Amino acid sequence: MIYRVLSRKTPYEPKPGSARPRVTDIRSDRRIQRMASSQKMSVHEITRISRLEISKNTVHRRIIESGYMIHAKMARRLPLSNLHISKEITMGS
């Protein structure tokens, strides 16, 4: 088998449609991406709300495939001190 593939004159390409079919279509992919970007929902919540029988890994893959959503941790900030809070209250009134 390997000899036949290597000795071909044309390069090996898999037949179109030979891969496993996707569970989600384009519409459901967009719905998942919209839910993830517009609301602060976890992957588990999106999986539960979606009308499809899909795993949370599939939801996570679809979000990553969208390309414009990335996972990033928020920058840590020091909490406001009592002095800052009191200054904010006096300036606001």
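I began with the side chain of R62 and found that a polar contact of 3.2 Å joins it to the side chain of D29. I note at the outset that this is a predicted model, and I read the distance with that in mind.

I then placed R62 in the fold, and found it in helix α4, which covers residues 56-66. Was R62 buried or exposed? With a relative accessible area of 6%, R62 counts as buried, because the cut-off for that class is under 20%. I listed what R62 touches beyond its neighbours within four places in sequence, and the set consists of R22, V23, T24, D29, I32 and Q33.

Next I turned to D25, which lies in the loop between α1 (2-6) and α2 (26-38). I looked up how open D25 is, and at 44% relative accessibility it counts as partly exposed, because that class runs between the 20% limit for buried and the 50% limit for exposed. Which side chain does the side chain of D25 meet in a polar contact? I found that of S28, at 2.7 Å. I also checked D25 against N57, which is 32 residues away along the chain, and their C-alpha atoms are separated by 16 Å.

I went on to the chain as a whole, and the secondary structure comes to five helices and zero strands, so that reading along the sequence gives the pattern α-α-α-α-α. The radius of gyration is 25 Å, whereas the globule rule gives 12 Å for 93 residues, and the chain is therefore more spread out than a compact globule. For the extent along the principal axes, I noted that the C-alpha atoms fill a box of roughly 80 × 35 × 15 Å.

I looked at burial over the whole chain and found that 18% of the 93 residues count as buried, with R62 being one of the buried residues. The accessible surface comes to about 9100 Å², and 58% of this area belongs to carbon and sulfur atoms. Turning to contacts between residues at least 6 apart in sequence, I recorded that 49% of them join residues at least 24 apart.

My last entry concerns charge: how far apart are the mean positions of the positive and negative charges of the chain? I noted 20 positive and 7 negative charges, with mean positions 4 Å apart.

How values were computed. Residues numbered from 1 in each chain as written. Predicted model: local features only at pLDDT ≥ 70, side-chain atom pairs only at ≥ 80, totals over all residues. Heavy atoms only, no water. Helix = DSSP H or I, 4+ residues; strand = E, 2+ residues; numbered from the N terminus. Rg over C-alpha atoms; globule rule 2.2 N^0.38 Å. Buried < 20%, exposed > 50% of the residue type's maximum accessible area, 1.4 Å probe, protein only. Contact = heavy atoms within 4.5 Å. Areas by Shrake-Rupley, 256 points an atom, 1.4 Å probe, with all protein chains shown as cover. Lys, Arg positive; Asp, Glu negative; His and termini not counted. Charge placed at Lys NZ, Arg CZ, Asp CG, Glu CD. Polar contact = N/O pair within 3.5 Å; in protein donor to acceptor, adjacent residues only side chain to side chain.
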